[in-house]
Amino acid sequence: MSSFHLTDSGKKLVTFIPGDGIGPEVTGSARRIIEATGAPIAWEDREAGEAVFKKGLPSGVPVETIESIKKTKVALKGPLGTPVGFGEKSANVTLRKLFETYGNIRPVRTLPGVPTAFAHKAIDLVIVRENVEDLYAGIEYMQTPGVAEALKVISRKGCEKIVRLAFEFARAEGRKKVHCATKSNIMKMTEGTLKRTFEAVAPEYPEIKAEHIIVDNCAHQLVRFPEWFDVIVMTNMNGDILSDMTSGLIGGLGFAPSANIGGEHAIFEAVHGSAPKYAGKNVINPTAVIFASVMMLRHLGEFEAASAIENSVVATLEDGKFRTRDIQGDEGSCSTTAYTDAIIANLGRKPARTFVRDYKPMRLPQVPAAPDFVKAKERKVAGADVFVEWTGAVDALGKGLEGAAQGSPFKLHMVTSRGTKLYPGGSAVTDTVDAFTGRFVKLDGGDTSDAELLDLLARVGAKVRWTHVEKLNVFDGAPGYTKAQGED
Ligand code: NAP
């Protein structure tokens, strides 16, 4: 563990960001408990979020905070609010992206004395969510005044990192099963890349059962039989939605921790936000951040302190004497401070009835840094999809685009709108919008030069307003583009 920053007294330095709203209370509780274990941790206090936005810094993350995490490589942070009206970007997303924390690990488990609709189920599962790609890269465009588009960017490299992280985490916790949940039946290229990567990597972990599941069925089975699942790896948006749902299965956001893992840096936090209405009231549940700090201590190699805290939290919940408002209601609930004191008093105890896992050190995935992670031996551009704005009849557009291609090395293959083929041959669709795509292919089946493509755009542009272009790439003989709905 020599890669962490050590203080002169040999302690591991951690960047501490209290956060907004209830952040200082929940992170303060976790910090007190860590200090009570005697673990060799020192803190570097830094700020991010609302106070920083208010000072006029649009990112919400000052350079001192970035420099601190660069140095310590580990941060424990409270939730950061994204105020409406000032501040442009989410400071959380900025931190995740700046440190390329590609993986988000979100464990949930049934806890003693925590009332839920699923309390009779033995839930103990982990969602490993891709954290920087997918629709959440936030690359959006207006194609026409009334048609919006978002790019779902998924890389083989990103998939390889997240899949390996899921298997390594499963191995560290002695887990037996990893599911990969995707929508690859519909999105064969983007979601399909995760599925194919999962199937390629899984044989390297023969002791772990690997299974693919369609993500909507996964949501359904998670509610019916949550005890079936162990580790589930997903793309960013699917993982975001399903991990909030799994938090609900085990008693709510007060119990759901999260670790943002990068190649070199890691940021530990709760899944929940800053819950501003409870700020400063000393009533909220700090367990999510306490469990996040257990994950942080394991990441830092402080296994004994991590297990001591985990055992103490579970023992405290088993006792049932100190219950925060979210699980007890107003009557008879304890303060955040009293709950924290009880956990500190219980350090050294083990739960009497509840299973707690053994944890072995996790090996962080090593994936080559080369940007061209996948290389093609052969490639060509078989044509182009030209996206156009059009309010008239589809047949008229199709004939116009055929005319535009006349005399060029291309022919119009079809016209689509929102992924459905409309010309030639028509479709049952009578309702259209003003965004269409003309797919042009090379007449000789060969490669397309940029000069040919620019000439094609000029020809199309003379007839109709074009909005954007996608090349029809073919890599090693495999089309790098999808067919349209209704295309044979
Ligand atoms: P939230 O802060 O997570 O709060 C939603 C509700 O969850 C609360 O009203 C409360 O429910 C419950 N809750 C959350 N944390 C709890 C805890 N520790 N103990 C007990 N109950 C807890 O979500 P939000 O209100 O949508 O977001 C507020 C702000 O946080 C926003 O500015 C958002 O952008 C930000 N946010 C930050 C992060 C992050 O930093 N990672 C994540 C999410 C949101 P009841 O009302 O039922 O008591």
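Student: Which residues of α10 meet α12 in this predicted model?

Tutor: The model is predicted, with local features needing pLDDT of at least 70, side-chain atom pairs counting only at pLDDT 80 or more, and totals for chains, interfaces and linings using all residues. Residues are numbered from 1 along each chain as its sequence is written, and side-chain values use heavy atoms, without hydrogens and water. Helices (H or I, at least four residues) and strands (E, at least two) are DSSP runs numbered from the N terminus, and contact means heavy atoms within 4.5 Å.

Student: At what angle do α10 and α12 pack?

Tutor: Axes are lines fitted to C-alpha atoms, for helices over the stretch in contact, and angles run from 0 to 180 degrees between N-to-C directions. The axes of α10 (residues 303-319) and α12 (residues 336-345) lie 8 Å apart, and the angle is about 115°.

Student: Which strands stand at the edges of the sheet, each with a single partner strand?

Tutor: Strands pair if DSSP finds at least two bridges between them. The open, mixed sheet has 10 strands in the order β2-β1-β3-β12-β11-β4-β5-β10-β8-β9. One side of each edge strand is left without a neighbour in the sheet, because each has a single partner: these are β2 (41-45) and β9 (209-214).

Student: Which residue in β9 stands opposite A181?

Tutor: Strand β8 (residues 177-182) runs parallel to β9, joined to it by six bridges. Opposite A181 stands I213.
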